[in-house]
Amino acid sequence: MKRILFFSILLIQIVAIFILTFQFESVEQTGKEMMIKTIFPDEELYYDPMMYIDGTSYVEYDINRISEEKWNNSESIAYNKLVYVLLEKNEEGIFEVVTASDQPIENISDSQVVLTANYSYHDKRDKYHYVLYGFERIKQIEKYGSFRRDDELLVTVVIGKWGQRKIIDVEKYDGVLF
């Protein structure tokens, strides 16, 4: 009896792993594609928005910094709390922040995407809120091309219907897409 129970549980785990793997791999076919721009390095600060550690690049996107005008909360938010960010495609095809809130956002159009992020901090001097989306780390960026630390990049991310996120392309941004 114990042997049958053991193999049944093992079979259920194998099926669950197969389903999860299939869903993650199919995100490229079923997900919504969006392009996001990285932030140009600020010469005044001694902070490098694209750091390399063991072949992994850590980038900072312009959607990480949400201006106070687009922030839809009057109360302060605790560190690492889940927030919802509404992004919309601009005329260049790059997604920008429309609004952000700690409440779920409903009724979005086809040119909009809602992402969940973790709240980080509020910069009162520069008047923005900083959030992290979880795809700021790009593994093996060299497979997309050769980039310098001061390059502005366009990162193409696919968002799956259950919130999966996958980076599928990275290219240099020269200010004009078309």
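Me: What makes two residues count as being in contact in this predicted model?
Reply: Contact means that heavy atoms lie within 4.5 Å, and by this rule Phe135, leaving aside residues up to four places away in sequence, touches Met34, Ile36, Tyr61, Leu115, Val157, Arg165 and Ile167.

Me: Which residues have the most contacts inside the largest nonpolar core?
Reply: They are Met34, Tyr61, Val85, Tyr133 and Phe135, in a core of 30 residues. Two or more residues of this core come from each of β1, β5 (82–89), β6 (95–101), β7 (112–123), β10 and β11.

Me: Why is strand β10 called largely enclosed by the rest of the structure?
Reply: A residue is buried when its relative accessible area is under 20%, and 7 of the 7 residues of β10, which covers residues 153–159, are buried, so the strand is largely enclosed by the rest of the structure. Leu153, Val155, Val157 and Ile159 point one way from β10, while Leu154, Thr156 and Val158 point the other way, and all of these are buried.

Me: How do you know that β10 pairs with strand β1 and with strand β11?
Reply: Two strands pair if there are at least two bridges between them; β1 (residues 32–37) is joined to β10 by 6 bridges, and β10 is joined to β11 (residues 165–172) by 7 bridges, so both cases meet the definition of pairing. The strands run antiparallel in the pair of β1 and β10 and also in the pair of β10 and β11.

Me: Which residues are the bridge partners of Leu154?
Reply: Leu154 in β10 is the bridge partner of Lys37, and in β11 the partner of Leu154 is Glu171.

Conventions
Residues are numbered from 1 along each chain as its sequence is written. This is a predicted model: local features need pLDDT of at least 70, side-chain atom pairs count only at pLDDT 80 or more; totals for chains, interfaces and linings use all residues. Side-chain values use heavy atoms; hydrogens and water are left out. Buried means under 20% relative accessible area, exposed over 50%, partly exposed in between (1.4 Å probe, protein chains only). Helices (H or I, at least four residues) and strands (E, at least two) are DSSP runs, numbered from the N terminus. A nonpolar core is a set of buried Ala, Val, Leu, Ile, Met, Phe, Trp, Tyr and Cys residues joined through side-chain atoms within 4.5 Å.
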